[in-house]
Amino acid sequence: MHVQRPRGTSDILPGSVERWQELERVAREVFARYGYREIRTPVFEHTEVFERGVGETTDIVQKEMYTFTDRAGRSVTLRPEGTAGVIRAFVENKLYGQTGVAKLYYIGPMFRYEKPQKGRERQFHQYGCEVLGSDGPAIDAEVIALNVDTLTNFGLRGLVVELNSVGCPDCRPRHRERMLEALRPYAAELCDDCRSRLEKNPLRIFDCKRGCPAVLERAGAPTVLKSLCEACETHLSGVRAHLDALGVPYVINERLVRGLDYYTRTAWEVTSAGFGTVGGGGRYNRLVAELGGPDVPGIGFAVGMERAILLRQEQAGQDGAADRQAGLDVFVAVADSSAELPAARLLQALRQVGLVADRDYQGRGLKAQFKLADRMRARYAAVLGESEVTRGVVTVKDLTTGAQTELPVDRAAAELARVAGQSSGERKEQA
Ligand code: ATP
Ligand code: MG
């Protein structure tokens, strides 16, 4: 039988997984610095969570969801994004009862039924955050800064923040009227999806990938930015002033709208020239109420991790060069079958004092074991043969210098931990 992985999924193998671990580590570190704590929600939810939380007029809900009926006949969906589940959990666990804002972050797989291509998979990964309980603008700027900071700490350069305001329930109806007025004569030129969006949520046409944005141009359809109410104008100026204060450069892109239905005011993307979008976010002041909670404002972003890693590889020009496994502290070599159990005991002791230690498991001769130690980039070899076992010692060879000593076997682990710690300290000082 020859079984392959499902289309649009990938196996992240040793050699590449180190990049992922690094991105995850950096993200966690930066989130912690800004006062965020992790939340882990289920990978599947009742389908309504996404229908309500992402929005009926979005591409995600209309055509990208992995939805199925479980054995009890309920409709469940693999999460296509992180926000809806986090808000559902925020409401369900009454996190709004606590003082201050809730600052939550997540890292994990997301699922969308899309046409797979470079940087677009059916199972992909995002890290992101949500802040609940403040309507900004200080928090808007902070979340944008955080979005960029996670990426620059991962080593990405030349990122651009594109910023827009998509208005609020006060100014959007007015904008919608003006947009409809301009677009009605051009309705026939819109794709099927956008024609049906026209009445429900014409703003989404700006995000269409089938040429409808060009129709908007021809029709002279106004952007929301030009129709903002006074409160939204003030909010946007506040966000800009805070971004300037934080030293986060940005450009205004009045055509930017984001994929979800419930965005209000601030929307942004982090892009890289010639590459596209790495991540983005927005404010959603009505989403918590939409999911059955109190009227709490929120804001958040998501970063596509495949894209962040791809961009870093492009910038480093290393085209997926595999990372080497970190070397061993000690390789335990068995020179005689009588040393088998003492060697197993020593290996266990080495690992328990915190050293990275390994051995051969395939019955190699001593010479081949040293070759293996070399391939594993071991710093020391600890050799146990008949003579060592009878005398209660172990021969320790420094594989860099070739120097050789004997240590009492029951003190060897502690002694090696001491010298290994010392020389790694020296190496750090030299670096
Ligand atoms: P796109 O316009 O590329 O379809 P989107 O607006 O659907 O993106 P969001 O829902 O905003 O994307 O998700 C945030 C980020 O997640 C994107 O900027 C991108 O980096 C990443 N992303 C989205 N869909 C995929 C996918 N199918 N495979 C890999 N990464 C993805
Ligand atoms: Mg998409």
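Student: Which residues does E306 touch, not counting residues up to four places away in sequence?

Tutor: In this predicted model, E306 lies in helix α11, which covers residues 305–316. Its relative accessibility is 10%, and buried means under 20%, so E306 counts as buried. Setting aside residues up to four places away in sequence, E306 touches W20, E121, Q123, F124 and H125.

Student: How far apart in space are E306 and G119, C-alpha to C-alpha?

Tutor: Along the sequence, E306 and G119 are 187 residues apart. In space, the C-alpha to C-alpha distance between E306 and G119 is 6.1 Å.

Student: Is Q126 buried or exposed?

Tutor: Q126 has its place in strand β6, residues 123–132. Leaving aside neighbours within four places in sequence, Q126 is in contact with several residues, among them E81, Y106, R112, A302 and M305. The relative accessible area of Q126 is 9%, and the limit for a buried residue is under 20%, so Q126 is buried.

Student: Which peptide bond is cis, with omega near 0°?

Tutor: The residue to look for is P137, which lies in the loop between β6 and helix α5, the latter covering 138–153. With omega near 0°, the cis peptide bond is the one from G136 to P137.

Student: What is the phi of K94, and is K94 buried or exposed?

Tutor: K94 is placed in the loop between α4 (83–92) and β5 (102–111). Phi of K94 is near 50°, a positive value in a residue other than glycine. Exposed means over 50% relative accessible area, and K94 has 53%, so K94 is exposed.

Student: Is R265 buried or exposed?

Tutor: R265 is found in the loop between β8 (251–252) and β9 (266–272). Phi of R265 is near 55°, again a positive value in a residue other than glycine. With 14% relative accessibility, against a limit of under 20%, R265 counts as buried.

Student: How many nonpolar, polar and charged residues does the contact of α6 with α7 have?

Tutor: On the α6 side, the contact is made by R176, L180 and L183. On the α7 side, the contact is made by L198, E199 and K200. By class, the contact of α6 with α7 has three nonpolar, no polar and three charged residues.

Student: What separates the centres of domain 1 and domain 2?

Tutor: The protein chain is divided into two listed parts: domain 1, made of 17–171 + 228–318, and domain 2, made of 330–416. Taken over C-alpha atoms, the centres of domain 1 and domain 2 are separated by 50 Å.

Student: Why is the protein chain described as more spread out than a compact globule, and what is its radius of gyration?

Tutor: The protein chain has 15 helices and 16 strands. For 431 residues the globule rule gives 22 Å, and the chain is well over that value, so it is more spread out than a compact globule. Along the principal axes, its C-alpha atoms fill a box of roughly 95 × 55 × 45 Å. The radius of gyration of the protein chain is 28 Å.

Student: What share of the contacts with a separation of 6 or more comes from residues 24 or more positions apart?

Tutor: Of the 431 residues in the protein chain, buried residues make up 50%. Among contacts with a separation of 6 or more, the share from residues 24 or more positions apart is 69%.

Student: Which residues is A378 in contact with, leaving aside neighbours within four places in sequence?

Tutor: A378 is found in the loop between α13 (366–375) and β14 (380–384). A378 is buried, with a relative accessible area of 11%. A378 and A326 are 52 residues apart in sequence and 9.5 Å apart in space, C-alpha to C-alpha. Leaving aside neighbours within four places in sequence, the contacts of A378 are L328, F331, A373 and L399.

Notes
Residues are numbered from 1 along each chain as its sequence is written. Chains are lettered from A and ligands numbered from 1 in the order in which they are written. This is a predicted model: local features need pLDDT of at least 70, side-chain atom pairs count only at pLDDT 80 or more; totals for chains, interfaces and linings use all residues. Side-chain values use heavy atoms; hydrogens and water are left out. Contact means heavy atoms within 4.5 Å. Helices (H or I, at least four residues) and strands (E, at least two) are DSSP runs, numbered from the N terminus. Ala, Val, Leu, Ile, Met, Phe, Trp, Tyr, Cys and Pro count as nonpolar, Asp, Glu, Lys and Arg as charged, and the others, Gly among them, as polar. Buried means under 20% relative accessible area, exposed over 50%, partly exposed in between (1.4 Å probe, protein chains only). Domain bounds come from an automatic or database domain assignment. The radius of gyration is taken over C-alpha atoms; the globule rule is 2.2 Å times the number of residues to the power 0.38.
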